[in-house]
Amino acid sequence: MAKQHHVVPQDGGWAVRTDHAERASKVTHTKAEATAFARQVSQNQGTELVIHNKDGRISGKDSHGNDPYPPKG
């Protein structure tokens, strides 16, 4: 499975984490700040970005690498 970066709620803020990491790459005050940072890192590293809501559910995904199901056309 490809490496993923996640935007998740943490301690009243938002954290950017990689799969199974013990510590967050960055913690921000807003989801927008965390998402912008995570998107940049994900694009640079060619990974999948998974954005979560406050309840932990996935609200969106961006693929910045080897997408196994690229759109046609």
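How many bridges join strand β1 to strand β4, and do the two strands run parallel or antiparallel? Strand β1 (residues 4-10) and strand β4 (residues 48-52) are joined by 4 bridges and run parallel. Strands count as paired if DSSP finds at least two bridges between them.

The model is predicted: local features need pLDDT of at least 70, side-chain atom pairs count only at pLDDT 80 or more, and totals for chains, interfaces and linings use all residues. Residues are numbered from 1 along each chain as its sequence is written, and side-chain values use heavy atoms, with hydrogens and water left out.

The protein contains 1 helix and 5 strands. Helices (H or I, at least four residues) and strands (E, at least two) are DSSP runs, numbered from the N terminus. Their order along the sequence is β-β-β-α-β-β.

The protein has 73 residues, of which 29% count as buried. Buried means under 20% relative accessible area, exposed over 50%, and partly exposed in between (1.4 Å probe, protein chains only). The protein exposes about 5100 Å², and carbon and sulfur atoms supply 48% of that area. Areas come from the Shrake-Rupley method with a 1.4 Å probe; for residues, only the protein chains shown count as cover. Among contacts (heavy atoms within 4.5 Å) between residues at least 6 apart in sequence, 27% join residues at least 24 apart.

In soluble globular proteins, nonpolar side chains tend to be buried together. The largest nonpolar core here has 7 residues: Val-7, Trp-14, Val-16, Ala-34, Ala-38, Leu-49 and Ile-51. Strand β2, helix α1 and strand β4 each supply at least two of its residues. Such a core is a set of buried Ala, Val, Leu, Ile, Met, Phe, Trp, Tyr and Cys residues joined through side-chain atoms within 4.5 Å. Neighbours within four places in sequence aside, Val-16 contacts His-6, Ala-24, Ser-25, Lys-26, Ala-34, Phe-37 and Ala-38.

Ser-42 lies in helix α1. Its relative accessible area is 0%, so Ser-42 counts as buried. Not counting residues up to four places away in sequence, Ser-42 touches His-5, Thr-47, Glu-48, Leu-49 and His-64.

Val-27 is found in strand β3. With a relative accessible area of 46%, Val-27 is partly exposed. Residues up to four places away in sequence aside, it touches Gln-10, Trp-14 and Ala-15. Val-27 and Val-16 are 11 residues apart in sequence, and their C-alpha atoms are 6.4 Å apart.

Two loop residues have positive phi without being glycine. Asp-11, in the loop between β1 and β2, has a phi of about 50°. Asp-11 is exposed, at 77% relative accessible area. His-20 lies in the loop between β2 and β3, and its phi is near 60°. At 83% relative accessibility, His-20 also counts as exposed.
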